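Let's take a walk through a protein structure together. Keep the sequence and the 3D view open as you read.

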Amino acid sequence: MADKALVRRIDKAALDTKMKLLDLCHQTLIHIGGDMSVCDMMTAIWQYAMNYDVKNPRWEGRDRFVLSKGHAAAVTSFSQAAIGCYDVRDIYKEYGTDFGRFGMHSCNLANPYVDVSTGSLGHGLPVATGMAAALRKKGSMSRVFCVVGDGECDEGSIWESAIFAHHYKLGNLVVFADRNGMSFDGNTEDYMSLEPFADKWSAFGWNVIAINGHDMEAIIEAIDSLPATDSHKPTIIIGKTVKGHGISFMENNPGWHAGCLNEEDWNKATDELTEACERKWGVK
Amino acid sequence: MSGMPVTLTIGQLLSARDAVGTCLGSLGDKYDNMVVLTADVDVSSRIGAFKEKYPDRCYNTGIAEQSLMSVAAGMAHEGFKPLTFAFAPFATMRACEQIRTDICYSNLPVIIIGNGAGYSNGISGCTHCGLEDSALMVACNNMTVIEPGDPQQIIKVLEAAMDINTPVYIRLGREATASLYPEDVEYEIGKALIPRRGDDGAFICTGIMVHFAMEAAKRIKEDLGKDIRVVDMHTIKPLDKEAIFDAAKTGRVVAAQDHNLLGGLGQLVGSAIAEAGFACKLLCRGCPDEFVPIANPEFLYARNGMDANGLYEAMKSLF
């Protein structure tokens, strides 16, 4: 059983990040749907799973992070800010500005906290497998954490990586799949069905952990149950999530794949989150 | 720059990929962070000797060029220097975006070796011909593009490519070629070599075309008494513009590459000459805008005026 205080702390951090995402979405266009769906897992990755030194993002002993669903850059940046990588105010100031550190997709040219530039889908996991193979070769005990979207798994390159990671026994590779059930156009099962999603990864030889991607206790327990870094099977934690999670008019609405909140919608969204927070924790 | 401990003599016949295979082991001795990755082409890439010596420094992604390039990028992020092998069209077209986004975007030291440049693989059909690879790789930011003229160079090219620490694409034809230079020739990326001097006109070529140009220049001297320079433009990007300007000053340039004309060496040379404002007659030879049935390279070179005879006629027509 995961420590209750720990779960509560990380869950609250996730809610705080969701609120910040809404504020940024009020300021500019972001991929809010996929940001919200992966926010709970993303927060747990940065607050709990990753062995990381915010003062030294190039520390050789760090766990690596690759955002394969590169359009979830905003939630990644806020999750990193929450552990001290940046001043959160800088994200609002620099997002989408000329040569700024933050934007629609992760770019490592101006931001040392980004290991791998991503945005084109089906690229992050393949690069992450290369990093995992390299860490193995170096005898490193660091892990590579990689976040993939479910729609992204339409890309053949994801499955090339799946066989590579299995063949080279990359037990140091941990993938979080944000199974929000939607790609840009709509439901994955209507456009390009992915089910049986977990079975596919099992058949490819991966260690599969299926959870509710919004249940922080389950997320923490999944992280706690990860096999040893020097084990021989890559792991995928498939989090069943909801696109636009927590905001009624965004949930499962392809119109909110990306967008910008007007004043009215922003008020409604922040009210909903605040209420959810009160219901869950009894405090604002 | 020191040469590799492999002895080749001028005139010795050696195919480009055999030359690469021969020197991989010693390259691995020198660069302990070098790893070799292939996409199910261990044998045709001639990496056997290296694999025997350093089995734990070899990776094979299976028939998966996209994975090949991304895995190489991941390993380069972690401080390794990957040499990747695949057929030129599969490496640069199937995995073009992986090269551009995963390797070049982060300016990673990955060396990509593409076999079967141009029509050299014509007998396998157009699927296996690298007709567009040079254009695609030239267009990738941060990428250096090389097409060596002879096996002696390849050894030095690989060392130079390891040392520049940024993405390098090396396109290789399949056919055996004779060495053009003495063993101690100084090789520098971005600096053209001149295997034959002359001021009455100039061939600017890469790869196998350099050899055809040498033969054409010899015959022009015999038949017309004209001295034609041969410029081995082994680095396609960055181009040695000084060598091009010097060639343009002869007033006659024939540029040839075993690659599609569109996006190929000739256009790069032409644009450099035009931008500099030189008045110069220019003809380009290369693969035309068409797919052809399975054919031998010699047939295709002759058909398109790319062989020694074709280059001879092209240069002659400028007088």
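Chain B splits into domain 1 (13-178) and domain 2 (193-316), with bounds that come from an automatic or database domain assignment. Before going on, note that this is a predicted model, where local features need pLDDT of at least 70, side-chain atom pairs count only at pLDDT 80 or more, and totals for chains, interfaces and linings use all residues. Residues are numbered from 1 along each chain as its sequence is written, while chains are lettered from A and ligands numbered from 1 in the order in which they are written.

Back to chain B: taken over C-alpha atoms, the centres of domain 1 and domain 2 are 25 Å apart. Domain 1 of chain B puts 25 residues into the contact, and domain 2 of chain B puts in 25 residues; contact here requires C-beta atoms, placed from the backbone, to lie within 7 Å. On the domain 1 side, helix H6 (133-138), strand S6 (144-146) and strand S8 (176-178) of chain B each supply at least two residues. Helices (H or I, at least four residues) and strands (E, at least two) are DSSP runs, numbered from the N terminus.

Now hop over to chain A. You'll find an open sheet of 5 strands with parallel pairing, in the order S1-S2-S3-S5-S4; two strands pair if DSSP finds at least two bridges between them. Strand S1 (64-67) and strand S4 (207-212) of chain A sit at the edges with a single partner strand each, so one side of each has no neighbour in the sheet. On average, neighbouring strands of this sheet are turned by 20° against each other, direction ignored.

Let's zoom in on one pair. Strands S3 (residues 173-179) and S5 (residues 235-240) of chain A run parallel and are joined by 6 bridges. Val174(A), for instance, has Thr235(A) in S5(A) as its bridge partner. Lying across S4 and S5 of chain A is helix H9 (residues 216-224), which runs at about 165° to S4(A). Such axes are lines fitted to C-alpha atoms, for helices over the stretch in contact, and angles run from 0 to 180 degrees between N-to-C directions.

Last stop: a helix pair. Helix H2 (residues 32-49) and helix H3 (residues 73-82) of chain A pack at about 30°, with axes 9 Å apart. H2(A) and H3(A) are therefore roughly parallel, a label for angles under 35 degrees. Among the residues that meet there are Trp46(A) in H2(A) and Ser79(A) in H3(A).

Notes:
Contact = placed C-beta atoms within 7 Å. Parallel < 35°, antiparallel > 145°, perpendicular 65-115°, else oblique.
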